[in-house]
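Subject: Structure handover and findings

Dear colleague,

Please find below the structure for your own work. A written account of the findings follows it.

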Amino acid sequence: MNDFIINKVEEIFDEIVSHRRYLHINPELSEYEYNTSNYIINFLEKHNIEYKKVANTGIYAYIKNGLGKTLAFRADIDALPILEESDVDFKSVNNGVMHACGHDVHTSVQLGVAKILSENKDKWSGNVKFFFQPAEETVGGAKRMLEDGVNDDFKSDAIFAFHVAPEIEVGKVGIKYGKLHATSSTFVITINGMSSHAALAYLGIDTIVIGSKVIEYLQSIVSRRIDARECAVITVGTFNAGTAQNIVADKAVLTGTIRTLTLELKEWIVNEIKNMLPKFVESMGAKVDIEFKDSYIPVINNDEKTKFLEKNIKNILGSENCVLIEKSRMDAEDVGYFLSEIEGSFYRLGIRNEKNGAIYDLHHPKFKVDENAIKIGMMIQLKNALEYLNEG
């Protein structure tokens with residue numbers, strides 16, 4: 001089986017790289033992936049793969065091939081509002097928009113896997129689903145795809161997905177048992193005080209001073225109210241207040257995020273801020289309005305499916321190329337919605353290569369990948385498919 005996978009991937013590698021480069025040249029922001037969506041549809045139609053349009057710009061493709069289990073794959077398709085500064089010949093032509101998070105790699109790998117499985121139905125039986133998901137970087141598309149019924153027609157038994165990883169050398173793959181990515185919420189805290197002349201500050205209620213104390217209060221929740229063995233991060237990202245240098249600010253607006261590895265701890269923090277922060281602010285003479293917006297749920301890998309993934313990686317790449325990730329990540333990823341409904345595993349695909357400058361982190365304007373990672377990604381996903389669908 002490994003020889004079959006390696007040979008088939010080698011046969012189409014250049015073609016899939018060309019698809020990746022097209023996507024990289026033509027990136028589109030979340031919820032505006034219209035050209036990307038049409039490009040995927042054209043590919044699917046060329047290879048006689050059935051599909052449905054979901055979640056506005058998302059694509060749900062599937063191959064039915066007799067009796068058997070159902071396996072799902074997921075790739076996100078949106079780009080970021082970043083002006084590209086990389087040195088590649090195929091830079092973005094959409095000014096200020098860039099695939100700086102590797103979603104073009106995710107999509108192209110999935111196209112390659114779909115092509116090989118559709119052309120070699122004699123090698124497997126059952127069903128395969130391909131979720132081409134929009135808006136991972138902003139409002140999320142995974143939950144909306146599920147709400148549009150992508151797993152209602154015939155239930156998936158397992159799902160495997162990945163994200164490119166600039167911290168891992170190309171040729172290696174990182175896996176994590178259990179919790180991988182955090183859940184998050186955003187907040188807007190508006191403090192209302194009273195303005196006065198700066199020379200008569202005692203007549204006002206200074207929201208800059210109060211806002212500074214609010215930041216200290218928020219940090220004390222993590223440092224003094226939460227077990228140090230738990231993971232939680234509260235970040236104030238913006239602090240806007242004041243209209244002139246000689247006027248006490250009567251209004252301050254703080255925005256930020258809360259990140260935890262469990263929904264329970266996030267809910268506790270949100271309730272703590274809702275219930276206690278107004279009292280804290282009022283003790284200084286001001287009033288406060290607090291708005292929360294829930295973001296993604298945590299990404300939690302299924303142990304059984306992760307063990308299956310680990311075995312496949314070691315079998316086709318060698319044990320030395322399977323990296324066990326020890327620490328969870330505090331960034332969020334909406335693939336968690338798929339994993340909450342379908343048992344599976346989300347892993348990290350190494351793209352780092354110092355020799356060709358693939359050293360920059362995700363969301364960096366000089367972000368770059370070693371395209372050999374596309375070959376590795378196809379190999380692992382095909383290995384997952386053929387091993388899983390051919391199990392007794």
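This is a predicted model: local features need pLDDT of at least 70, side-chain atom pairs count only at pLDDT 80 or more; totals for chains, interfaces and linings use all residues.

**Ser 196 and its surroundings**

The side chain of Ser 196 comes within reach of the backbone oxygen of Leu 200, at 3.2 Å.

Ser 196 is placed in the loop between β7 (178–192) and α5 (207–224). Is Ser 196 buried or exposed? Ser 196 counts as buried because its relative accessible area is 12%, and the cut-off for buried is under 20%. Apart from neighbours within four places in sequence, the residues in contact with Ser 196 are Ala 201, Leu 203, Gly 204, Asn 246, Ile 247 and Val 248.

An unreviewed UniProt entry places the feature "domain: Peptidase M20 dimerisation" at residues 184–279. Over residues 184–279, the chain is 36% helix and 30% strand. The end C-alpha atoms of this stretch are 24 Å apart.

Phe 239 belongs to strand β8, which covers residues 232–241. Its relative accessibility is 31%, so Phe 239 counts as partly exposed; that class lies between the limits of 20% and 50%. Once neighbours within four places in sequence are set aside, Phe 239 is in contact with Thr 207, Ile 208, Gly 211, Ser 212, Ile 215, Ala 252, Val 253 and Leu 254. From Phe 239 to Lys 375, the C-alpha to C-alpha distance is 45 Å, with a sequence separation of 136 residues.

**The eight-stranded sheet**

An open sheet is formed by 8 strands, in the order β1-β2-β4-β3-β5-β14-β6-β12, with mixed pairing. At its edges are β1 (50–54) and β12 (322–324), each of which pairs on one side only. On average, neighbouring strands of this sheet are turned by 25 degrees against each other, direction ignored.

Within this arrangement, strand β2 (residues 58–65) and strand β4 (residues 126–133) run antiparallel and are joined by 7 bridges. Which residue in β4 is the bridge partner of Lys 64? The partner is Asn 127.

Helix α9 (residues 372–389) packs on the sheet and touches β3, β4, β5, β6 (173–175) and β14 (344–352). The direction of α9 makes about 155 degrees with that of β14. Helix α3 (residues 103–119) lies across β2, β3 (70–76), β4 and β5 (158–169).

Gly 126 is found in strand β4. With a relative accessible area of 0%, Gly 126 is buried. Beyond neighbours within four places in sequence, Gly 126 is in contact with Ile 63, Lys 64, Asn 65, Gly 66, Leu 67, Gly 68 and Lys 69. Gly 126 and Tyr 388 are 262 residues apart in sequence, while their C-alpha atoms are 9.9 Å apart in space.

Gln 110 lies in helix α3. Why does Gln 110 count as buried? The reason is its relative accessible area of 5%, which falls under the 20% limit. Not counting residues up to four places away in sequence, Gln 110 touches Phe 73, Arg 74, Ala 75, Phe 130, Phe 131 and Phe 132.

**Cysteines**

How many disulfides does a search of the whole structure find? The search finds 0. Among the cysteines, Cys 101 is buried at a relative accessible area of 6%. Cys 322 likewise counts as buried, at 14% relative accessibility.

**The chain as a whole**

The secondary structure comes to 9 helices and 14 strands. The chain has 392 residues, of which 55% count as buried. Taken along the principal axes, the C-alpha atoms fill a box of roughly 80 × 45 × 40 Å. Of the contacts between residues at least 6 apart in sequence, 80% join residues at least 24 apart.

Yours sincerely

Note on methods:
Residues are numbered from 1 along each chain as its sequence is written. Side-chain values use heavy atoms; hydrogens and water are left out. UniProt positions are given in the numbering used here, feature names are shortened, and annotations may be inferred rather than shown by experiment. Helices (H or I, at least four residues) and strands (E, at least two) are DSSP runs, numbered from the N terminus. Buried means under 20% relative accessible area, exposed over 50%, partly exposed in between (1.4 Å probe, protein chains only). Contact means heavy atoms within 4.5 Å. Two strands pair if DSSP finds at least two bridges between them. Axes are lines fitted to C-alpha atoms, for helices over the stretch in contact, and angles run from 0 to 180 degrees between N-to-C directions. A disulfide is a pair of cysteine sulfur atoms within 2.5 Å. A polar contact is a pair of N or O atoms within 3.5 Å; within protein, one must be able to donate a hydrogen and the other to accept it, and residues adjacent in sequence count only if both atoms are side-chain atoms.
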